[in-house]
Amino acid sequence: MSPEQFVDNLISGVAQGSVYALVGLGFTIIYTVTRIINFAQGEFVMLGGVFSFLLFSSVGLPLPLALLLAVLAATVVGAVLYLLAIRPARQASVISLIIITIGASTFIRGVVGQIWGKDYMPPLPHFSGDNQWLWIIGITLVVMVALHLFFSRTMMGKALKACSINRQAASLVGIDARSMAFTSFALAAALGAIGGAVITPLTAPHFRMGLTLGLKGFVAAAVGDFRSQVGTVVGGVILGIAEAMVVVLDWGPFASAYKDVIAMLVLLLVLFFRSSRGAAQEAAS
Amino acid sequence: MKHWLSLLLVAVLVAAVVPVVGCSESETIKIGALFDVTGPNSPLGTPEKQVVEMMETQINDAGGINGVPIEVIVYDTEGKEDSCVSLATRLIEQDGVVAIIGPSSTGESLAVIDTVDKAQIPMVSCAADERITIPVGDSIWVFKTPQTTYMAVQEIYSYIQDQGITKIAIMTDTKGFGAGGKKDLEDEASNYGLTIVSNQSYDNEETTNWDPFISKIENSGAEAVVCWGTNPGPALIAKALDGTGIPFFGSHGIANTKFIEVAGDAAEGVIFPVGKMLVADQLPDSDPQKAVLLQLKSDYEALYGEGTCNTFAGHAYDALKMVQMAVEEVAPDKETLTEELKDRKAFAAKIRTEIENIEGFAGTGGVFNMSPDDHCGLSKGCMVVVKIVNGEWVWLQD
């Protein structure tokens, strides 16, 4: 393997990981604000991809506009999901709400499959030239900076942050926790859809694509303990690099076919260390 | 008074039950079908379902088989092996079918063999892998219509050898179809003077980053890539390979317009082995399959639209046709057929024997000659090598 190839593969891994990170951030944001693990997160990714394709190829919009509208549309779906499915059940336990998100995910997938077909759609053209990976990394960086500014500079961002730190205290100082939950769903949907939209030139969008990408995002979020945004991003990127390197290095039994075991391995390790650490903390207290 | 009421109740219940019992000896030949209509292999399962629905109407419009209508009960397996097995059980135990067509995929077919074998119901699979029917001893109840994977491998290998290529990279799907292909690609390579310098497997649904795979192929010094899988993997690999100058050879798993659509420009020049369906109009009139291929194509496309008929529809066509031929053979007139329908087990067994006796049947997949040792019945020469030129399949005659 030449050094250039190594770097190329590293870049592709980082970019793939950035997508996982975007999806994972959606999990993290909803979890910190509402304590719900949103299993419909992967469907937002799928909507981002499928809508981008439909708006570009079927409607014929210019690519940037198609991508933007696709993300907006998915955001609306996220907001509607909260209003119609989560909010009316807000008195229910968190576990019931999580189960609602599983149902919602099956529902969204089914509707898309019924309306736009179950077959694979052709990939979109690359955003420019042959450097889609760089586009993905660039867009992810921009999104992360924007997210950082949102949480640190804007009133709404700070309110969200307050909610995630202590929901009760936040309510006491006059932050409307419910509207924050609404915002977190919309934001998570937008992040997932961006992930879906930027990866669409490299894959064939279809109604089931959210299953895999959602799972990888879940692993990224698990690395960040579902709380830390930085941890989620690191987790996603490490996962992306690990998957690329397993294929490139091809260590005997860990041949390319087992690439997708990596995500599960990371998840198992995280859960293992987390539970042993949790047990240690409990013992200490 | 109470006494009267209960008598009345009994009378009503008996009256309600009797006609139902009478009806259960219905005058239809029930044939089950298991297709992956909504799962990962829906591009295969959808045309398979559509073609049997079309044939059901055609056969019944023509008065059924010897005056008895057929009923094809189609279930969607969603590509899941476990639900395929339970649906097969449902077809056999609840619906009372005399034969089963499908499943669509190799994995599901292998999973369901045990069930049909125990129930002693003949099954004609629409999946390609040779493990489904070889050895026949595993289950004498299982047949299949698609060309066996090694025939496709031999066909494409002999083409590659003719191009003077000696070093190839293989890329195979980790699932059933690709896994079967991997084995045959490995086994047959040396017979065609080919060395496999890079041997990689990929997960079709999960992979979005193909670059590392391509790097390995480039480093291996391979002169060509042979990819064994179904959509979307091969199309995305062809795309990723575009620009490296390494030619892409596919399998019959990409014999649909979806491949061309997903791969876009990268589909141009792709060469793969396939049944004659795709190039039916290019065949010489002397070809025994030409008439049946063109007939199916025009019937099917009249219903479902121009360019929709593909080899997968053909596999299900051949399967149902074989069951129909076997039924006609077992019961040449309406009386025998009515008689046979009374003992489903025995009828199913006779159908199985007659499928095994099919000889010289020119179907869409080739000319079938079944025998107790060969439950696929096809031989080399039933496949051709085609090239994608301007989004169309062109037959590369030797």
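1. In what order do the strands of the open sheet of five strands in chain B lie? The order is β2-β1-β3-β4-β5, with parallel pairing. Strands here are DSSP runs of E of at least two residues, helices are runs of H or I of at least four residues, and both are numbered from the N terminus. Two strands pair if DSSP finds at least two bridges between them.

2. On provenance: this is a predicted model, in which local features need pLDDT of at least 70, side-chain atom pairs count only at pLDDT 80 or more, and totals for chains, interfaces and linings use all residues. Residues are numbered from 1 along each chain as its sequence is written, while chains are lettered from A and ligands numbered from 1 in the order in which they are written.

3. The sheet has two edge strands, β2 (70-76) and β5 (142-144) of chain B. Each pairs on one side only. Neighbouring strands are turned by 25° against each other on average, direction ignored. Axes are lines fitted to C-alpha atoms, for helices over the stretch in contact; angles run from 0 to 180 degrees between N-to-C directions.

4. Within the sheet, β1 (residues 29-35) and β3 (residues 99-101) of chain B run parallel and are joined by three bridges. In one of the pairs, B:Ile31 has B:Ala99 of β3(B) as its bridge partner. Helix α11 (residues 311-330) of chain B packs on the sheet and touches β1, β3 and β4 (123-125) of chain B. The direction of α11 makes about 165° with that of β3(B).

5. Chain B is divided into domain 1 (29-148 + 291-368) and domain 2 (150-280 + 383-395). The bounds come from an automatic or database domain assignment. The domain centres, taken over C-alpha atoms, are separated by 29 Å.

6. The contact between these domains takes 22 residues from domain 1 and 22 residues from domain 2 of chain B. Two residues are in contact if their C-beta atoms, placed from the backbone, lie within 7 Å. On the domain 1 side, α4 (106-119), α10 (290-304) and α11 of chain B give two or more residues. α10(B) gives the most, with three residues. By class, this side has five nonpolar, 13 polar and four charged residues. Nonpolar means Ala, Val, Leu, Ile, Met, Phe, Trp, Tyr, Cys and Pro; charged means Asp, Glu, Lys and Arg; the others, Gly among them, are polar.

7. Between the chains, 27 residues of chain A are in contact with 27 residues of chain B. On the chain A side, α1 (3-34) and α10 (229-249) of chain A give two or more residues. α1(A) gives the most, with six residues. The classes on this side are 11 nonpolar, nine polar and seven charged residues.
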